[in-house]
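Thanks for coming. I have one structure to go through today, and I will stay with what can be read from it. Please look at the sequence and the model first.

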Amino acid sequence: MPNKPKYKLPTEERLKRSAVHYLERYASSSANLRRVLERKVLKACQSHDRDPAEFADLIDAVVEKCVVTGLVNDQAYAETKTASLRRRGGSKRKIEAQLIAKGINRQTIEGVVQDDPEAELEAAFRFARRRRLGPYRSRIGAKRDPQLQRDKDLAAMCRAGFSFDLARQVIDAEVDQISNDYK
């Protein structure tokens, strides 16, 4: 293969530059940064027929330096991600799943995602508005069976991680009953 990319073997300095470059573009947790660096090392090792385990200490050192210097902060990342997903109508379950996928530990997640029924209700209304479900559905030209639409809307809300009772409350709400907070 003449067009095979030439990767340089990782050094601590190269990994630091890669980590800083990645963190300039994306917010990240320490576990996610570790995965990014591991992928980079894996590509270089495959190119040079080396074992990626040889570079595990370098990756650990770079991630630790990023944490110590404050470039990576799992608590701040979790708070920011939670606020962003809530604004978009993310359910508590969806937020927890995304934070777990990014490598945030369970204690941090529990500290960030509280059991606030009002926030969950507001997120559910925001999700319904964004997806035009229930009271936000356009009634113009609606030729479909209303019960079928209601069932589909409930299913969409439940797939998004909202409880059935909360989904039913949102879908069955009337437009004039929705407070200005949820419009």
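Helix α7 covers residues 117-131 and helix α9 covers residues 164-171; their axes come within 10 Å and cross at roughly 55°. Axes here are lines fitted to C-alpha atoms over the stretch in contact, with angles from 0 to 180 degrees between N-to-C directions. The pair is therefore oblique, as angles under 35 degrees count as roughly parallel, over 145 as roughly antiparallel, 65 to 115 as roughly perpendicular and the rest as oblique.

Which residues of α7 and α9 meet? From α7 there are Glu120, Leu121, Ala124, Phe125 and Ala128, and from α9 Leu166, Gln169 and Val170. Contact means heavy atoms within 4.5 Å. By type, this contact has six nonpolar residues, one polar and one charged.

A word on the source: this is a predicted model, where local features need pLDDT of at least 70 and side-chain atom pairs pLDDT 80 or more, while totals for chains, interfaces and linings use all residues. Residues are numbered from 1 along each chain, and side-chain values use heavy atoms, without hydrogens and water.

Now the whole chain. Of its 183 residues, 35% are buried, meaning under 20% relative accessible area with a 1.4 Å probe.

Technical notes
Helices (H or I, at least four residues) and strands (E, at least two) are DSSP runs, numbered from the N terminus. Ala, Val, Leu, Ile, Met, Phe, Trp, Tyr, Cys and Pro count as nonpolar, Asp, Glu, Lys and Arg as charged, and the others, Gly among them, as polar. Buried means under 20% relative accessible area, exposed over 50%, partly exposed in between (1.4 Å probe, protein chains only).
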